[in-house]
Amino acid sequence: MDENTGRTFDWDDEIENDGSDYVLLPEGDYKFSVSAFERKRYEPKSGAKIPACNQAVLHITIDNAPEGSATIMHNLFLFSTMEWKLSEFFRAIGQKKHGERLKMNWNAVVGTSGHCKVGVRTFTKKDGTEGKSNEIIKFYDPEDNIKGSNEGTAAAPTQQHGWKAGAF
């Protein structure tokens, strides 16, 4: 079994991994790499907005942030209403351009990189306390020229709509 999805231990196996401290990144723009990817089947609970479909679970790694390295699990659902998110991801890693058709090549995803916007999601834990985790808000197109990534500050994409700072 893949090291990222785990394996079972025998009763007399040796162990050594102490784990690592959890790193919560501040909201902002970061350079990412895809460190792993899993194929799963999404089976929704009743009332879900998306029916049963294939699901890609991406392990998005953010390195070189002042807070440390973090891995964010990001789900992509292979369903028509989520096609725009699939396109956004494949554009970010340079495998797709706006307006073109693309046969998704999942075997070429691991090791690719790009830029994304990371957010902080607040949730209630089973014990009733508040928890926080990172989530991917958006994947940026390579031509967006994200500056300041992984420096712990929220960097905005370069001007894209004809607006220029200081010009009236």
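## A buried phenylalanine and its partner

Phe 139 is buried, its relative accessible area being 1%, where buried means under 20% relative accessible area, exposed over 50% and partly exposed in between, with a 1.4 Å probe and protein chains only. This is a predicted model, in which local features need pLDDT of at least 70 and side-chain atom pairs count only at pLDDT 80 or more, while totals for chains, interfaces and linings use all residues. Residues are numbered from 1 along each chain as its sequence is written, and side-chain values use heavy atoms, with hydrogens and water left out.

## Aromatic pairs

The structure holds 6 aromatic pairs, a pair being rings of Phe, Tyr or Trp (its six-membered ring) whose centres lie within 6.5 Å, with planes under 30 degrees apart counted as stacked, over 60 as edge-to-face and the rest as tilted. One of them joins Phe 139 to Phe 32 edge-to-face, at 5.3 Å centre to centre and 65° between the planes. This pair links distant parts of the chain, since Phe 32 lies in strand 1 (residues 28-42) and Phe 139 in strand 5 (residues 130-140), 107 residues apart; strands (E, at least two residues) are DSSP runs numbered from the N terminus. Phe 32 also counts as buried, at 2% relative accessibility.

Phe 89 and Phe 90 form an edge-to-face pair, because their ring centres are 5.3 Å apart and their planes stand at 70°; both residues are buried. Ring pairs link Phe 32, Phe 37, Phe 89, Phe 90, Trp 106 and Phe 139 into a cluster.

## An exposed asparagine

Asn 64, placed in strand 2 (residues 53-65), has a positive phi of about 65° although it is not a glycine. Asn 64 counts as exposed because its relative accessibility is 68%.

Notes: Helix = DSSP H or I, 4+ residues; strand = E, 2+ residues; numbered from the N terminus.
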